[in-house]
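Have the viewer open as you read.

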Amino acid sequence: MKRDEKRDQDRSPEEGRATASGDDGNASSGPGGTPPAREPGRPPRIPLPRASVEDSGLPLPPAEPAGPGPLTLEHPVLKSLLGAWALAACSAEETAAVEEHLGDCGACADEARRLREAVGLLQRPESLDLDPGLRTRVLDGCLNRRPPRIPVPVWAASYDAETARLDALLQDFGDAEWHAPVRLRWFRGEGATSRRTTVAGVIAHLLAVDGLVALALGLDDPLVPFTTGDRPDGSDEADETNEADETHKTHGRDGATGSGGTVDTPARRTESFWAGSHFPPTRSVRGPWREQTHALVRTVSFTGGGPGTMPVSYGGFELPLRDAMLDRAFECWVHAEDIAEAVDYPYAPPAPRHLHGMIDLAARMLPETLAARRRAGLATPSRTRHLVTAGRPGRSLRLEIEGSGGGEWLIPLDSPGAVGSADHEVAHVALDDVEFCRLAAGHVSPEEAAAGQLGDREAIRDVLFAAASLSRM
């Protein structure tokens, strides 16, 4: 008996509870299902509920002190805080006071709404695309560490970059985006003109005009099935094509006759492609366009930098291959902006060095375009009785382009063969780099171009209109 008592004393409380409850943890019952009596001195298996403070008769703990009440400000002070409130620059107390006041004062509520809308306009929409210069920097870093066996010529790098950027924009387009309306805009004579198409139609246009470079390099023409037939007479498209051809005549360039007796201008090729298709262009045009861009870059890379002077015919005029690739890069960027605007998507300008090359091409084309407009009676006659001898200095306009892709150019005014001279400077024009490119693309009229002007007003007007005349369909 003593041994059993000793064992019970050594047993832990948990073991005792387990024994009282049985091996499976369930409380054992006495006869009739009544619970067994609790042994004297043992704590209850289930703790009793604690008494609340209110039932104990003890005093309640002191309440926490309340925070400071809302600010009480006069109406003029609250009105002066509306600008800071719209910019989310108020403190929490000021914000609460202003918002409480807006519920009672209709005049301040209207002012607050206008200020909040103005703040929204100050915030530029953010693009989900990477910085356009990032691709160039990454490629430069990789190529510096391991030069390519067959490098892309420097004058073709901007075309390679801009076609890749446009293709990245197109890759997530659905059918609705491909059929979104786009208006192609350019400048002709003394005014702007336009042509309506779709996103797919713009890519078809790029495919058609890039084909001129492909022909010069000996590649297949993507428009062979569409350029052999004559245009139907009396159609709106034919009328606009003829007007576009007149644009090149205005520029002073004779039309080059191609196969079938047609002039292979960018406008005629585009209209032939659009009219020759059984159905309007769809997203299926993206594949042939992208394949052609790859073929152009690959071909000029394999031929090296030597053929950069090879002429590329645009029907009414010619450009050396290196300038033609810059021209195609410029148009790819301009039409990519048209597409991005149609689908309400932000699109950044090219990398600075690529933008500089495009501006340089436009500046070098200005003297010839200015002379052609003068021959057509669209520009002020030259101040000199005779054209300045080629290679000699003459009256000049200083074109200052501001921005990361800008620079300065001296534009000869009296002869395309003359040399720009600071000693003969008669006018000075300053423009932002992107603004100048949009002027050269026909997207901004010469009268609306935000240009700083100093000097001969007639010379400034002639150069701005000549810049706009560089545009075409």
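## Surface and burial

In this predicted model, the protein exposes about 26,500 Å², and 54% of that comes from carbon and sulfur atoms. As for what's hidden, 41% of the 473 residues count as buried.

## Overall make-up

You'll find 19 helices and 8 strands here. Take the contacts between residues at least 6 apart in sequence: 72% of them join residues at least 24 apart.

## The nonpolar cores

The largest nonpolar core has 89 residues. Within it, Leu 166, Leu 170, Ile 203, Trp 333, Ile 339 and Leu 399 touch the most other members. Zoom in on Leu 166: leaving out residues up to four places away in sequence, Leu 166 touches Ile 203, Leu 206, Trp 289, Cys 332, Ala 336, Ile 339 and Tyr 347. There's also a second, separate core of 13 residues, with Leu 78, Leu 81, Leu 82 and Cys 90 among them.

## A four-strand sheet

Now for the sheet. Four strands form an open sheet in the order β6-β5-β7-β8, and the pairing is mixed. β6 (407–412) and β8 (452–455) each have a single partner strand, so these two edge strands have one side left without a neighbour in the sheet. On average, neighbouring strands are turned by 25° against each other, direction ignored.

Look at β5 (residues 393–402) next: β5 pairs with β6 in the antiparallel sense over 6 bridges. Glu 400, for instance, has Glu 408 in β6 as its bridge partner. Helix α17 (residues 352–375) packs on the sheet and touches β5 and β6, with its direction making about 10° with that of β6.

Key: Residues numbered from 1 in each chain as written. Predicted model: local features only at pLDDT ≥ 70, side-chain atom pairs only at ≥ 80, totals over all residues. Heavy atoms only, no water. Buried < 20%, exposed > 50% of the residue type's maximum accessible area, 1.4 Å probe, protein only. Contact = heavy atoms within 4.5 Å. Areas by Shrake-Rupley, 256 points an atom, 1.4 Å probe, with all protein chains shown as cover. Core = buried A, V, L, I, M, F, W, Y, C linked by side-chain atoms within 4.5 Å. Pairing = 2+ DSSP bridges. Axes fitted to C-alpha atoms, helices over the stretch in contact; angles between N-to-C directions.
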